[in-house]
Amino acid sequence: MDIQRLILKARPDYETTNVPKSEWRKYFHTLVSSQKFEGIIMIFIIANMAQMACLHEGQSAGFTKGLGVSNTIFSFIFVVEATLKLIAYGRTYFDNSWNKFDFFVVSASVIDFILEMMEGNSLGFLSVGP
């Protein structure tokens, strides 16, 4: 009985079991499921954390501009990652808690980017980026 309950509660790993049937989506699935892709994204995450840690009081305008440019580049990379995973996994992308968190962070960075572009408008005070 315990084993049957365990089987009923088990959830499959959709990243490895839900391979799409269409060839073009299968290509993206293979790409984003690879260890190399995950490793590259992890390097970008660590580099982004280091970039965010460089923010300090009294920094020069050029340094601030450089941080802003690098933040935009990292945000673009993470938007591309989320988009590729959405294409590869489809709706099952949201069955993984890390993907939900990743999507939330990417969405927040897109919203921050939009608010930053509206800086001259009345909603510019809502910007929450570094």
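Predicted model: local features only at pLDDT ≥ 70, side-chain atom pairs only at ≥ 80, totals over all residues.
I read off the order of elements first: from the N terminus on, they run α-α-α-α-α-α. That gives 6 helices and 0 strands, both taken as DSSP runs numbered from the N terminus (H or I over at least four residues for helices, E over at least two for strands).

Residues are numbered from 1 along each chain as its sequence is written, and side-chain values use heavy atoms, with hydrogens and water left out.

Next I looked up helix 4 (residues 35–53) against helix 5 (residues 61–89). Their axes come within 11 Å and cross at roughly 150°; axes are lines fitted to C-alpha atoms over the stretch in contact, with angles from 0 to 180 degrees between N-to-C directions. The two helices are therefore roughly antiparallel (angles over 145 degrees).

Which residues make the contact? On helix 4 I listed Phe37, Glu38, Ile41, Phe44, Ile45, Ala47, Asn48 and Gln51. Helix 5 brings Leu67, Ser70, Asn71, Phe74, Ile77, Phe78, Glu81, Leu84 and Lys85. Contact here means heavy atoms within 4.5 Å. I sorted these residues into 10 nonpolar, 4 polar and 3 charged (Ala, Val, Leu, Ile, Met, Phe, Trp, Tyr, Cys and Pro are nonpolar; Asp, Glu, Lys and Arg charged; the others, Gly among them, polar).

Last, the whole protein. Of its 130 residues, 23% count as buried, meaning under 20% relative accessible area with a 1.4 Å probe, protein chains only. Among contacts between residues at least 6 apart in sequence, 52% join residues at least 24 apart.

Conventions. Parallel < 35°, antiparallel > 145°, perpendicular 65-115°, else oblique. Buried < 20%, exposed > 50% of the residue type's maximum accessible area, 1.4 Å probe, protein only.
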